[in-house]
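Please read them with the structure open beside you.

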Amino acid sequence: MAQILAYDPNPDMHWEVVTSLGHDVVSFNDPGETIDYAQDNRVDIALLVGSEGIDMIKPLREISPNFKAVLFCDAPEIMEIRRALRWAPCSVLFMPIVKEELDACLKRALLKGKSTIKGRLNL
Amino acid sequence: MEAKELAAAKFTIQRFLATVFADEISPELFKAMKTDTFLRSLKKASETLYSKEMTRGARALFDYMDGAGVDTHKELTFEYADLFLNAGKSPVLPYESFYIDREPTLYGEPLFQMREFLRKQQLHKDPDYPEPEDHIAVEFDFLAEMNRREASGDLSVADIRADFGRRHMAWRTEFCAVLHYSDTSGFYQALAEFTIGYLFLAHLASVPPEEVFPSDPTADLVALGNVLAALPLAAESFLLKPGTIDPAPARTIPTHCYACGALCGMTAKTRDGVLMSTAGLQGDIKGGGRLCIKGGNAKHHVYSAYRLKAPLIKENGRFRKASWDEALDKVVTDFKAYDPTKIGYMRGNDFANWVHEALFDHLGCPKTTHRPMCDNANRMANEHNLSDKRPWINYQEADYILHFGMNEVITSYGQRKTAQLKAAVDRGAKLVVLDPRRSETAALATEWIPIKPSTDAAVALAMCHVIIKNGLYDKEFVSNWTSGFEDFKKRVMGEDDDLPKTPLWASRISGVPAETIERIALEFAKATAKGAMSWTGLAQVPNGMYATAALQALNALCGTFDAPGGPSLPFKRKLKPAWGEGQEKPPKGSAPKLDKLRMWAGWAPAYLLDDVESGKLDGMICYFGDPVLSWGNQAAITEAIEKMKFKVCIDAFMCDTALLCDVVLPDSTWLEQSQIKPDWLYEAQISYWAEVVTPLFESKPMYWITMELARRMGLEKHFPWKNIEEAFANQLRGLPCTLDQLKEQGYVVTDQAAYYKYKEWGSLNPPDGYGSSGNTKTGKYNFVNPVAQEKGVDPLPNHHDGPPDLATDATYPFHFGNFRVFGHEHSSTFNDYSLMKANGTNALWINKMDAHDLQIEEGDLVRLKSPWGEVEIKAHPTWDIMPGILGAAGGFGHKRGLEGDPKFPQFGGKNPPGIQKPNMTEDMGGTPLLKYIKTRVEKITT
């Protein structure tokens, strides 16, 4: 079971899919609160939605250089995905979340240990 | 919407994507995409699709195709080569194995998962398709096949297809981003938009409709499928075949490493025909069961994502894919248009050299090898004064070891020997290293003695002076096993030139204190088990031959050859010719001598620009070497190659030289081709290199390439073997081992180590049937170089200042020298991701005092300038290099591959030796002066 931090600017977003996979999830709609929480608590991986989610990786990596993050996009734009890959996310997934896909993604990301993140691509 | 209708639409879309990513876009498909009918329907779809992402993709594709002109298709073949065949700066690496960790090593876990997935569906990848199973085209083709089956009524595959699509979605999304970033044509950017639009659409279609309401992704998919159905796409799977192929059994294969010249024994483990890991080979005389970081990471070399995949032909300054037939025919046709004696043949690596050298020697091509770029100055001494270029010191027995200009711990040449050196120091043997830089070996040493470049001869002669003056030399050995001692003594004592080679004299030249010289001379002479050795630190400077002779004279004076702890005389077996009974080796042609060096009669490639401009060379075939990064002044070598009319490169990677060539042929790596080779350290053995894995992509072993060139030239009768093993069998005739033994063990030890072998031989030369790289005409150690005598060159060692224009001065007060790092071999290992993670760039070493004076700090960007060029590089102030000396690791600076790929900006170094004086070498062996470049350094302020 992992400690998961979730951020989505959409207040209607729910993260039951994460808890259904057996993980603990704490979710926020405000970037500042998300970062504050990450600063003070153990987080194994962050799930971040949208363009603001990409922006949040930098402060999270300032907390820990190997902070793991999965990015989600609900209207994928290729330039945004290019920008996301500069921040070495575990993965870039589409919304709505597909449980099996997220499960596989989390397992792989967490299997590789705390200090290992995937490579970044300067796109 | 019926499931079958949706499946049919998705089949069409996926088949289209498989087709456009599998290979160059065909003229037929391109033409069909340019028809008014197709463009109209694509435009209409782009205006009516619900999904804005798919609309964007369809519109991008329409805009590109609508604007495409008559030359567009040709341009796309160039772009395909750049993006998919690694000809370009930013290849797209279309493999799931890359994206799983975003590390550019292929054949990872996704490949095995894909194979298993295919097996479960009674499918396998078409063996004729040269890409691995986790290529994006194969995955799209698999999905297309599943949709085809579903559309045909087999609804059982729906779950399989959906599960596969989900599991393999994320990496394809990232691939689109990379494709969009890397493309320069616009076409693949449009395809990236189109593909990502489709992936998102397919994703939406895979979730319950209520989750995506009010959109209707299935309607968009059907509309898009209808548009693409007008294109000439294969009705059946074109990358997959029916039937399963069982996994190949796991194997552990004894072989040898060829990452560097050490040639350590290696075991390679394979799984389903894929190299998984490499380790040392127990009992092998070179590695002794050990492998270094390079050999241990060989998997990342073989499976580097930057491998050349197919033959390439340059047109209009860009590469396009060619078939082997087309490329080889062009090489032969073009070759025949020129005088073969003006086509240079360069082989940087001697893998299977018995076959390719035979061809080019026969054709009369001037030939050069690695030797005149490496240590030919050393060899001009040792190969004539002694019997080998480099007799290895028996560290296991030594109690006093003297190294001049040699970083043994890093350069290694056999991990067993390196381990023995470390063990010797641990047990109290004294290791003294003379080097301008505190190298890894100097750091290990009991004593590091900084010395100015190209002054080693002075120090070694002064040591000889001390030994002779004190009567400490081995009179029995000198009397019985050396020649020319009296002349040498006169030189050392100054009787022939009124200049006694005293420690004080040497001190003024070298900067080494006279007391130190005297002390180490006495220590060396009085030690019981000892050896002195040098390497490229003495070769890549102006006075290399004489410095080597002076250094080796210490061994001769002390009778250390073949003594416990001394340099072990080589006695490796000679292979028999590969041409057996009734087979005719091609006679040698008459290749002209290109350069006029004082000792070396061969081609010294640092003079390439001179040779081209003077009309001696019109072209070049270059195999497994990178002249641009290693032959001398980079700008001059580049200009020379550009001026050539015929230029071909055979390499596993797009090296800087290949970039300048008209035809590039993809070589297999050394783990994909086989050879046998005699070798030695203290014992002698015959070593075997196995074809551990089948050559990747469309690469071919050099043996095959040579045979095909010979056949096209009508020379097949001289290259008569049914297969390479027939040639091996010929080479092993009369030798104490068989090919089967070699395959089983990886090596066969033919001769055990022995002390004082020369006493049994009656000569320092090994007996018939044994080989080494040199020959002493007297059978003794020659203080007086007999070949130098014949050529009218001073045959006795001495110190000589370098050419005046290479000396440091007020404007250029530093001497720069390159050095080696353990994690790389010359310029050949820079696409191995694991090695690059450890050593991904180089910095300029500068003494901290010098850096302080120039206000340079760690990491500052500086400009290193010589009178002949400049390079920008980051500075590394350190106490580990002498004041007045600069250094940097060599081999960096590739324009392509991992160093050149802008997606990985953390990798990439510079090539400072490329600013040396053009058309310049030491004057005996033609070795470039990589360690004697006068420079100045300026901090770059922004």
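The points below take the interface, then the sheets, then a few backbone details.

1. Basis. This is a predicted model, in which local features need pLDDT of at least 70 and side-chain atom pairs count only at pLDDT 80 or more, while totals for chains, interfaces and linings use all residues. Residues are numbered from 1 along each chain as its sequence is written, chains are lettered from A in the order in which they are written, and side-chain values use heavy atoms, with hydrogens and water left out.

2. Extent of the interface. Chain A places 31 residues in contact with 33 residues of chain B (contact means heavy atoms within 4.5 Å). Together the two chains bury about 2700 Å², of which 64% lies on carbon and sulfur atoms. Buried area here is the accessible area (1.4 Å probe) that two parts lose on being put together, summed over both. Of the area that chain A buries against chain B, 23% is supplied by Ile78(A), Phe94(A) and Leu121(A), more than by any other three residues.

3. Which elements of chain A take part? α4 (78-85), β5 (91-94) and α5 (99-111) of chain A each give at least two residues to the side that touches chain B. Helices (H or I, at least four residues) and strands (E, at least two) are DSSP runs, numbered from the N terminus. The largest share, five residues, comes from α4(A). By class, this side of chain A has 19 nonpolar, three polar and nine charged residues; Ala, Val, Leu, Ile, Met, Phe, Trp, Tyr, Cys and Pro count as nonpolar, Asp, Glu, Lys and Arg as charged, and the others, Gly among them, as polar.

4. Sheet in chain A. Five strands form an open sheet in the order β2-β1-β3-β4-β5, with parallel pairing (two strands pair if DSSP finds at least two bridges between them). At the edges are β2 (24-28) and β5 of chain A, each pairing on one side only. Five bridges link β1 (residues 3-7) of chain A to β2(A), and Ala6(A) has Ser27(A) as its bridge partner.

5. Sheet in chain B. Here three strands make an open antiparallel sheet, ordered β19-β20-β21. β19 (675-680) and β21 (747-751) of chain B each have a single partner strand, so one side of each is left without a neighbour in the sheet. β19(B) is joined to β20 (residues 684-689) of chain B by six bridges; Lys677(B) is partnered by Ser687(B).

6. Backbone details to look at. The peptide bond from Met95(A) to Pro96(A) is cis, with omega near -5 degrees, and Pro96(A) lies in the loop between β5 and α5 of chain A. A cis bond also runs from Phe213(B) to Pro214(B), with omega near 10 degrees; Pro214(B) is in the loop between α12 (209-212) and α13 (217-228) of chain B.
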